[in-house]
Amino acid sequence: MDAKLAVIGLGSIGSMALWQASRLTDSVVGFEAATPAHGRSAVGGDTRLFRMIYLGRPDYYPIIERSRGLWAELEAETGQEILTTTGGLSIGTSNGSYINSLLEATRVTGAEHYVLSREDMAERYPQHNLRPDDCAIYDPHAGVLRTDRAVSAAVAAAQANGATVLQNTPVDSITESEDGVVVTSGDRTWTFEKVIVASGGWSRRLMPDHLKAVTETHRIVLTWFVAQDGTQFSPENFPVFSRWYEDRSLYGAPAVDGVTVKASMDGPLSGRARATPDPDAVPRELTWEENEKVTEIVTEFFPGLTPTIVRSDAFPDLFTEDRHPLLGWLDENSRVYCATGFSGKGFKMATGYGHIAAHEALGKQTIEGLNFVRPDRFKTR
């Protein structure tokens, strides 16, 4: 037996699972096909949004709460600034479905929030060009996560705790046996008591057929624009945001470099609905339609941004049929644990998901009420 636990894939979730596992045992090995935080993984794009107010099942809220505390622990352990609290704005039509759904979520979870009228927004955040019937929900605990820094810090912390990291070691197969799980890369093999599969868009290659049937690798497009006045869009003055109006949707982050603002489409026009079977061949260039649509929306929403895309990129992520993750054992007798399928919305909760995966894989207690993410929900289909 080479070690108690292997983590396959050291990206958004795998890096955090490795870090959390290293706090519980030094008998853990991380496999990375390239290098941690490499530019073609779902980690790419510099930043992600962290929000406590989440449009989705209230079951996610305990994971978000745990994640917030763990981001702070990772910062303290590594001396890196990873989560910058900027506050967060969710903008939409007053009494519209988006705002009402968010308010219902806060009622159920108790998440701290403030409702800002159009007049409040004009005074506090004039960067946004609002419609007459718009309002916003302000999340005081929201912020911007530095993705490359987070993953690199988690891997370094795990190594400091005694974890082994194998870079440039793509895993070809995993095979369960009576003695453990055999991991193969090229002509090398290792045997582990348990294995966590956390390789994002590349996870399908290691999955059983019933999970391959309900997952697809999708393409996530990100775009950046130049601020005409960088101070207006600095982290101190410009909260992370998400905005929905009919078929127009945009989310983004402040100019962490002092110049460029991330403003990317969400929803059906964003490219997230575009399946890309080969994660190694994700089209990086925007289509004409994507370019035109995001520029049109930015022109309307942000008069303080130059309406020309100065940077764009696209990254793979694994999406499930119901858009909830695969987090748990393949079945009750399996030694293989899935931590994948986060459907383009996993990074804000990456530390929480990593905590759950590492603790459960090593037989420890963690957050309860997770039946909605268990992989076996698809087994009877």
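This is a predicted model: local features need pLDDT of at least 70, side-chain atom pairs count only at pLDDT 80 or more; totals for chains, interfaces and linings use all residues.
Zoom out and you'll find both strands in an open sheet of eight, ordered β6-β7-β5-β14-β15-β16-β13-β17 with mixed pairing. At the edges stand β6 (114-116) and β17 (305-320); each has a single partner strand, so one side of each has no neighbour in the sheet. Going from one strand to the next, the twist averages 20°.

Now for the helices on this sheet. Helix α3 (residues 97-109) packs on it and touches β5 (88-93), β6, β7 (134-139) and β14 (240-245), with its direction at about 135° to that of β5. Helix α7 (residues 288-301) lies across β13, β14, β15 (248-253), β16 and β17, and runs at about 75° to β15.

There's also an open sheet of three strands, in the order β3-β8-β4, with antiparallel pairing. Its edge strands are β3 (47-50) and β4 (83-85), each with a single partner strand, so again one side of each is left without a neighbour in the sheet. Ignoring direction, neighbouring strands here are turned by 25° against each other on average. β3 and strand β8 (residues 143-146) run antiparallel and are joined by four bridges; Thr-47, for instance, has Arg-146 in β8 as its bridge partner. Helix α5 (residues 147-160) packs on this sheet, touching β3 and β8, and its direction makes about 55° with that of β8. α2 lies across β3, β4 and β8, running at about 130° to β3.

Ser-173 stands opposite Thr-184 in β11. Four residues lie between the two strands, and Gly-180 in the turn has a positive phi of about 160°.

Next up is helix α8 (residues 350-361). Its 12 residues reach 16 Å from first C-alpha to last, close to the 16 Å expected at 1.5 Å a residue. How many of the residues of α8 are buried? The count is 12 of 12, and among them are His-355, His-359 and Glu-360. The elements covering these buried residues include β1 (3-8), α1 (14-24), α2 (61-78), β12 (188-197), β18 (326-329) and β19 (336-340). Just after the helix, Gly-363 takes a positive phi of about 80°.

That leaves the aromatic side chains. The structure holds 14 aromatic pairs. Take Tyr-54 and Tyr-60: why does this pair count as edge-to-face? The ring centres are 5.2 Å apart and the planes sit at 70°, and planes over 60 degrees apart count as edge-to-face. Both tyrosines fall under the 20% cut-off for buried: Tyr-54 has a relative accessible area of 10%, and Tyr-60 comes in at 2%. Elsewhere, Phe-233, Phe-238, Phe-241 and Phe-302 form one aromatic cluster.

Two arginines also sit over rings. Arg-311 lies over the face of Trp-224, 3.9 Å from the ring centre. Arg-124 has its charged end over the ring of Tyr-138, at 5.3 Å from the centre of that ring.

Definitions and conventions: Residues are numbered from 1 along each chain as its sequence is written. Side-chain values use heavy atoms; hydrogens and water are left out. Rings of Phe, Tyr and Trp (its six-membered ring) pair if their centres lie within 6.5 Å; planes under 30 degrees apart count as stacked, over 60 as edge-to-face and the rest as tilted. Buried means under 20% relative accessible area, exposed over 50%, partly exposed in between (1.4 Å probe, protein chains only). A charge sits over a ring if NZ of Lys or CZ of Arg is within 6 Å of the ring centre and within 35 degrees of the ring normal. The expected span of a helix is 1.5 Å times one less than its number of residues. Contact means heavy atoms within 4.5 Å. Two strands pair if DSSP finds at least two bridges between them. Axes are lines fitted to C-alpha atoms, for helices over the stretch in contact, and angles run from 0 to 180 degrees between N-to-C directions.
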